[in-house]
Amino acid sequence: MALKLNTITFQPQKYPSSSLSPMAGFRSPKFSMASTLASGSKDAKNLKKSFGPPREVHVQVTHSMPPEKIEMFKSLDGWAMENILVHLKPVEKCWQPQDFLPDPASEGFEDQVKELRERAKEIPDDYFVVLVGDMITEEALPTYQTMLNTLDGVRDETGASLTSWAIWTRAWTAEENRHGDLLNKYLYLSGRVDMKHIEKTIQYLIGSGMDPRTENSPYLAFIYTSFQERATFISHGNTARLAKEHGDVKLAQICGAIASDEKRHEAAYTKIVEKLFEIDPNTTVLSLADMMKKKISMPAHLMYDGRDDNLFGHFSSVAQRLGVYTLKDYADVMEFLVGRWKVEQLTGLSGDGREAQDYVCGLPLRIRRLEKTSQSMAKQAQVIPFSWIFDREVKL
């Protein structure tokens, strides 16, 4: 999970490429889930509205990658088997949620739950807002697997395909699934949060989907996931640090275990993009600039609890204030990836490619210049209630 930083409002030049379709610069009506009712009926319109995202999503560009690029990704299947699948862990060597939770089959189960609740009493509400937001983001995993299976050249065509790309997507999903399970059970046992409002938020979020603007392109999507996994590693690492500061070492272990998984997944996705820079640097740098120009829309940006249309923004503000994921972290992730992929050292680029290279390499500094503005705005932050914690108020 990573957090949207609403202060980032860059509007740099769009870099054209034969492999990337131009992105429309305006908003679309809300998306909706399919209905069996007559499309023109009032009931159908109300049903569409109830299942749509809480705010507008972008006009969608689809299948922007030309056929020869699709074939290129298919040809990388053997490389992916040797270089990407190695970042998965066998199921028998993976931790499971039960390793960190009270054992319901033991005679001491009730005492273990009481101990967990006593530790949770010492943790402030604003921390729980962030932990709940992290958990909800992890629980929307069906959306993320769906997104990966929209990608041309690497999708799981059958649901049980034996290509390396398909195996990675399913196994990555299976590993990630443990994160939401673990946090959900911990929060349920803690007694500190309103589980029904949390469960409603999860259902709303999965029903709304996500709007990453990746155009069915693995170039764009793997850049997106590289950024996300790095940001999620930072976020869970910081919730672990704060849990320890609040005296809950076991919760710190929970968050730390999740962060460790995210770090391993980051290594896989960044390796894919590194390979793309090796074999097709021009398209890859154009794709990187394109994603950063759009801004990285975080996975849970369509979060909604049935009441707060800006729930994700409010959750993100609390995370920023607590230092869980900040504008500085956003710049750090960008700087790390630019260095990891040696973007400054690229040669042989087209004119558009060189412009994209200059833009991307200068972006971290531009983001850091926004930190003072962000800190000034934080001093004027309002206090609002969160349904997740029984409408108790928290400073943004």
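This passage walks through the overall fold and then a few individual residues of the structure above. The model is predicted, so local features are described where pLDDT is at least 70 and side-chain atom pairs where pLDDT is 80 or more, while totals for chains, interfaces and linings use all residues. Residues are numbered from 1 along each chain as its sequence is written, and side-chain values rest on heavy atoms, with hydrogens and water left out.

The protein holds 15 helices and two strands, taken as DSSP runs numbered from the N terminus (helices are H or I, at least four residues; strands are E, at least two). Of its 396 residues, 54% are buried, where buried means under 20% relative accessible area, exposed over 50%, and partly exposed in between (1.4 Å probe, protein chains only).

Beyond its neighbours within four places in sequence, F73 touches M65, G153, V154, W165, P218, Y219, F222 and L276.

Helix α7 covers residues 164-190. Its 27 residues should span 39 Å at 1.5 Å a residue, and the end C-alpha atoms, 40 Å apart, agree with this; the expected span is 1.5 Å times one less than the number of residues. Of these 27 residues, 19 are buried, so α7 is mostly covered. Just after the helix, G191 adopts a positive phi of about 75°.

Positive phi values also turn up in residues other than glycine. E215, in the loop between α8 (195-208) and α9 (218-245), has a phi near 60°. This residue counts as buried because its relative accessibility is 3%. K295 has a positive phi of about 75° and sits in the loop between α11 and α12. At 27% relative accessibility, K295 counts as partly exposed.

The loop between α11 (281-294) and α12 (311-322) also holds S297, which is buried at 12% relative accessibility. Leaving aside neighbours within four places in sequence, S297 is in contact with D211, Y224 and Q228. S297 and M210 are 87 residues apart in sequence, with their C-alpha atoms 8.5 Å apart in space.

Note on methods: Contact = heavy atoms within 4.5 Å.
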